Amino acid sequence: MQNYLAQHRDRFLSELLELLRIPSVSADSKFKGDVRRAAEFVRDSLQNAGADMVELHETAGHPIVYGEKLIDPAKPTVLVYGHYDVQPADPYELWTSPPFEPVIKDDVIYARGSADDKGQFYMHIKAFEAMMATNSLPCNVKFMIEGEEEVGSDHLGTFVAENREKLKADVILISDTSMIANDIPSIDTGLRGLAYLQVEVTGPNRDLHSGVYGGAVANPVNALAKMIASLHDEQGRITIPGFYDAVLEVSPEERALLESAPFDEDAYKTDLGVTELAGESGYTARERASIRPTLDCNGIWGGYIGEGAKTVLPSKASAKISMRLVPNQRSEDIYELFTNHFLSLAPPGVQVKVTPLHGGEPYLTPLDAPAYKAAELAMEESFGKKPVPTRGGGSIPIVALFEKELGLKTVLMGFGLDSDNLHSPNEHYGLFNFYKGIETIPLFFKHFTALQS
Ligand code: BES
Ligand code: MN
Ligand code: MN
């Protein structure tokens, strides 16, 4: 195995770079053809790595790639999930090299999708290739790599519900999260859910002269700003009535365990260029960004935003708002609580509309699951250090759905770093992380198969 990995290192990397050159941006229809090309690339690489059956499943959106290698029905089955779609790369001018022309600088690959998630799921295809080539695949493996994760996995739910038999497995394995540092391996044991919506505040039927009418007519931008500002109190808590009702509080023991993982607050601040951190009182920065629910305005617009000044009282103002949810909050309930509250905040003279965009449920992996143990043993063997459990702040909404539809737990064995600039300019992924992942994955298969039999 080690020999095979060493011999094929350079090819593994050049293949990944080829995949990174395909701008598979799922959100933008301009890239539809490229998204398909990426799917075909993934299909072909699974085929070449030794899968028996590989298919492109068409959906009303982007295709889902499915592949499998079944060696023995008596052996366990690992279902690998990943996504070949990427976030839009804008603003392009903030990239130091073009997002779809990968370059390697100081042993780090710079490209959109390098960490999220092409560089990470491709490790699984290469680990699979290596196990096949060295006759060491110890159990069955299935791959489901989708092209709509970054836009809410709209068609994956149906695919999963319609293919329960085909997707039968013992565990789901995903590399689409981060670890603490290259010398501090960790495994996310939870993900936050998401409720994402758009709000629109409308005042007068057209933009008005702010001198002629200003002062006499409600201004939608002023109103929206005030409404959004009121969603947090002085303690940084969310003011929507009932918002925290379902929150499963984390026990003091578990909080202590999570806090025992290293965290350098000064380095965190320096990296982000902020002088102070902010958030809900009574919780540490790490807790605020993982075990606590949040509400953030993601974008806000309305009125004149061009060069110079235009004295106008705008007719409309809008914002996009996301709420990250924790176990046992449900996105449906949160939409309803938000909508009722937000409508009630409207001052006289404006109308408010709330439109849900997408959402998903939070998720927890139990630490005593055999699959978690297998991931722990695998990382311990490859890093020489036992990984620490962490809770991820991001969302992979489909993971809760896998549990509901397939009855399967997921192990989040991610190899990225939070500082990889996911969704930002200059996204990158370390060569160390890419190769370490390829080395660790076969160890997961080995330990999981041993623990299951
Ligand atoms: N891979 C990320 C999620 C992630 C990143 C989890 C780092 C934990 C640590 C995923 O691709 C993602 O970006 N998810 C979106 C949700 C989706 C519905 C757009 C998110 O979290 O915003
Ligand atoms: Mn991802
Ligand atoms: Mn993402």
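Which residues in α2 meet which residues in α3? In this predicted model, the α2 side of the contact consists of F41, V42, S45, L46 and A49, and these meet F121, Y122, I125, F128, E129 and M132 in α3. By class, the residues of this contact divide into nine nonpolar, one polar and one charged.

**Helix pairs**

The α2–α3 contact joins helix α2, which covers residues 32–49, to helix α3, which covers residues 118–133, and their axes come within 9 Å and cross at roughly 20 degrees. Because angles under 35 degrees count as roughly parallel, α2 is described as roughly parallel to α3. The crossing in which α2 passes α3 is left-handed.

Helix α1, residues 2–20, also packs on α3, with axes that come within 10 Å and cross at roughly 145 degrees, and the crossing of α1 and α3 is right-handed. On the α1 side, the contact is made by Y4, L5, R11, F12, E15, L16, L19 and L20, while α3 contributes K118, G119, F121, Y122, K126, E129, A130 and A133. The residues of the contact of α1 with α3 divide into 10 nonpolar, one polar and five charged.

The axes of α1 and α12 come within 11 Å and cross at roughly 130 degrees, and the two helices are therefore oblique to each other. Here too the handedness is defined: α1 passes α12 in a right-handed crossing. From α1 the contact draws on Q2, L5, R9, D10, F12, L13 and L16, and from α12 on L431, F434, Y435, I438 and E439. Sorted by class, the contact of α1 with α12 has eight nonpolar, one polar and three charged residues.

| Helix pair | Axes come within | Crossing angle |
|---|---|---|
| α2 and α3 | 9 Å | roughly 20 degrees |
| α1 and α3 | 10 Å | roughly 145 degrees |
| α1 and α12 | 11 Å | roughly 130 degrees |

**Helix α10**

Helix α10, residues 370–383, has 14 residues and reaches 20 Å from its first C-alpha to its last, which is close to the 20 Å expected at 1.5 Å a residue. Its buried residues are A371, Y372, A374, A375, E376, A378, M379, S382 and F383. These buried residues pack against several strands, namely β7 (171–174), β8 (178–179), β9 (186–188), β18 (388–390) and β19 (410–412), and also against helix α12 (431–452). Just after α10, G384 takes a positive phi of about 75 degrees.

**Two loop residues**

I396 lies in the loop between β18 and α11 (398–406), and with a relative accessible area of 4% I396 is buried. Although I396 and L194 are 202 residues apart in sequence, their C-alpha atoms are 8.9 Å apart in space. When neighbours within four places in sequence are left aside, I396 is in contact with Y81, E149, D176, T177, L191 and L412.

L70 lies in the loop between β2 (64–69) and β3 (77–83), and with a relative accessible area of 40% L70 is partly exposed. The C-alpha atoms of L70 and A51 are separated by 8.5 Å, with the two residues 19 residues apart along the chain. Not counting residues up to four places away in sequence, L70 touches D52, N140, V141 and K142.

Notes:
Residues are numbered from 1 along each chain as its sequence is written. Chains are lettered from A and ligands numbered from 1 in the order in which they are written. This is a predicted model: local features need pLDDT of at least 70, side-chain atom pairs count only at pLDDT 80 or more; totals for chains, interfaces and linings use all residues. Side-chain values use heavy atoms; hydrogens and water are left out. Helices (H or I, at least four residues) and strands (E, at least two) are DSSP runs, numbered from the N terminus. The expected span of a helix is 1.5 Å times one less than its number of residues. Buried means under 20% relative accessible area, exposed over 50%, partly exposed in between (1.4 Å probe, protein chains only). Contact means heavy atoms within 4.5 Å. Axes are lines fitted to C-alpha atoms, for helices over the stretch in contact, and angles run from 0 to 180 degrees between N-to-C directions. Angles under 35 degrees count as roughly parallel, over 145 as roughly antiparallel, 65 to 115 as roughly perpendicular and the rest as oblique. A crossing is left-handed if the near helix is turned anticlockwise from the far one by less than a right angle, and right-handed if clockwise. Ala, Val, Leu, Ile, Met, Phe, Trp, Tyr, Cys and Pro count as nonpolar, Asp, Glu, Lys and Arg as charged, and the others, Gly among them, as polar.
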